[in-house]
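Welcome! Here is a short tour for anyone meeting this structure for the first time. Have a look at the sequence and the fold, and then read on.

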Amino acid sequence: MSPLVALVTGLVVGAVVAAAVVLLVRRPVAVPPPRSGEPDGAVREAQLARRLLDLMDPAVLVLDVDDAVVLANPAARGLGIVRDRRLLVPELLRLVRDVRGGGSRRADVRLPGDLVGTGPRMVGVHGVRLESGPAPAPGPVALVLQDVTEARRVEAVRRDFVANVGHELKTPVGALGLLAEAMQGAADDPETVQRFAARMAHEADRLARLVRELIDLSRLQGAEPLPELAPVDVDTVLAEAVDRTGLAAAAKGITIAVGGRPGLVVRGVEAQLATAVTNLLANAVAYSPENTRIAVGARARSGFAEIAVTDSGIGIPRQDRARVFERFYRVDQSRATSTGGTGLGLAIVKHVASNHGGSVSVWSEEGLGSTFTLRIPLAVEDPSDRPDPSGPATDAVAGQLQKGRS
């Protein structure tokens, strides 16, 4: 939601609440005529106003001059911030007193998790003084609370994303500039020029890969609609991913062993699934020692195809495992340049899994290696897939990897 739309919405909500509360608090209510049995206009309007407040998504509170809660709609009580007639959040009480002394106020207030029951929440609060006039006597105050937790989280993610993109782009762009200057100074030395040119090509490739992955991630996050899902042969996806990473693996003397159950079919987008498995394999190649073995394979389990990629690399520290799927997050920042990674590969895998109704997880121990498991729903339920108490890698894949270690 844009700031302008949010502002207009807040003003409209505030005006409606203020009008309804004024009607409830200040307008006298006449006794219905005994003959008709129907409420008169004032009573009817008060009933409609109260029903409107009860049906509103924003939480609405009205506090009297003693800071006692005289009105709280169901949304407000659902937040757990009201007990009997007491408002339990000191920051909200301070806002009420500020409003009473100086007029309308807006603020973001963090609600404690023990009150809300679902973890800390951030609410945008609009406080309105219900007495009119330039210097009114202390009177009732209305608070309108809108949950803005997700909106603030998205704003923070966007800020971090822009900062990270700027940092990641600065490195190759700066390197290209320095190399270009060095080439100009070494124009009479063909060997030096060749060396600098090769380095420039490497940095240009890194920059192109970063831009390409940013575009892919933007598409996966909803910038473009997901193509219609179709049956996809898992064996084809694995073969494509192995082919894409074959050269990088061969350069380090790494063997990629393919195992698991053949013939599985999932519903998805073949290009996206191939990219996800390729990223898992490329990550395994980048962080595995030379002359080792990587295993990849698939199995059917509980209605899902589980594609596991196992390596015997450096492993992931416990404190980093929950963050490896974040954009631009790297376990070992010092190896970022040497591995050539952008920090986006695993984030892309996560979004591919999410868009296909699946998930991705990691098992890892430092010094023992890692296993990444991509779970995608099967196109056809397989009656033979039974829960397997073994680890995330298939028995065949684990066996292939064990051969490489022996």
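**A first look**

Five strands, in the order S9-S11-S12-S14-S13, make up an open sheet with mixed pairing. The model shown here is predicted. Its protein chain contains 12 helices and 14 strands, and 40% of the 406 residues count as buried. Among contacts in the protein chain with a separation of 6 or more, 65% are between residues 24 or more positions apart.

**The mixed sheet**

- Which strands are at the edges of this sheet?
- S11 and S12 are joined by 7 bridges and pair in the antiparallel sense. One example is Ala295, whose bridge partner in S12 is Thr310.
- Helix H8 packs on this sheet, where it touches S9, S11 and S12. The direction of H8 makes about 170 degrees with that of S11.

**Two helices side by side**

- A pair of packed helices can be described by the angle between their axes and the distance between the axes.
- For H8 and H9 the angle is about 35 degrees, and the axes are 8 Å apart.
- The crossing of these two helices, H8 and H9, is right-handed.
- On the H8 side, the residues making the contact include Val237, Ala241, Thr245 and Ala248. On the H9 side, they include Leu273, Val277, Leu281 and Val285.

**Nonpolar cores**

- In soluble globular proteins, nonpolar side chains tend to be buried together.
- The largest nonpolar core has 38 residues, and those touching the most other members are Val234, Val266, Val277, Leu281, Ile307 and Leu374.
- Helix H8 (234–251), helix H9 (270–286), strand S11 (293–301), S12, helix H11 (345–355) and strand S14 (369–377) each supply at least two residues of this core.
- Which element gives the most to this core? That is H9, with 8 residues.

- Glu306 is located in strand S12 (residues 304–310).
- Is Glu306 buried or exposed? Its relative accessibility is 5%, so Glu306 counts as buried.
- The side chain of Glu306 is joined to that of Arg375 by a polar contact of 3.0 Å.

**The antiparallel sheet**

- Another open sheet has 5 strands in the order S2-S1-S7-S6-S5, and its pairing is antiparallel.
- Strand S2 (69–72) and strand S5 (105–111) each have a single partner strand, so one side of each is left without a neighbour in the sheet.
- Neighbouring strands here are turned by 25 degrees against each other on average, direction ignored.
- Strand S1 (residues 59–63) pairs with S2 over 3 bridges, and Leu61 stands opposite Ala72 in S2.
- Helix H4 (residues 90–102) packs on this sheet and touches S1, S5, strand S6 (121–129) and strand S7 (141–147).
- S6 is mostly covered, as 7 of its 9 residues are buried.
- S5 and S6 pair over 7 bridges, and Arg105 has Gly127 as its bridge partner in S6.
- S6 and S7 also pair over 7 bridges, with Val125 opposite Leu145 in S7.

**Two loop residues with positive phi**

- Most residues other than glycine have a negative phi.
- Asp84 is not a glycine, yet its phi is positive, at about 55 degrees. Asp84 is in the loop between strand S3 (82–83) and strand S4 (86–87), and is exposed with a relative accessible area of 64%.
- Ser302 has a positive phi near 55 degrees and is found in the loop between S11 and S12. With a relative accessible area of 44%, Ser302 is partly exposed.

Conventions
Residues numbered from 1 in each chain as written. Predicted model: local features only at pLDDT ≥ 70, side-chain atom pairs only at ≥ 80, totals over all residues. Heavy atoms only, no water. Helix = DSSP H or I, 4+ residues; strand = E, 2+ residues; numbered from the N terminus. Buried < 20%, exposed > 50% of the residue type's maximum accessible area, 1.4 Å probe, protein only. Polar contact = N/O pair within 3.5 Å; in protein donor to acceptor, adjacent residues only side chain to side chain. Core = buried A, V, L, I, M, F, W, Y, C linked by side-chain atoms within 4.5 Å. Pairing = 2+ DSSP bridges. Axes fitted to C-alpha atoms, helices over the stretch in contact; angles between N-to-C directions. Contact = heavy atoms within 4.5 Å. Left-handed = near helix turned anticlockwise from the far one by under 90°.
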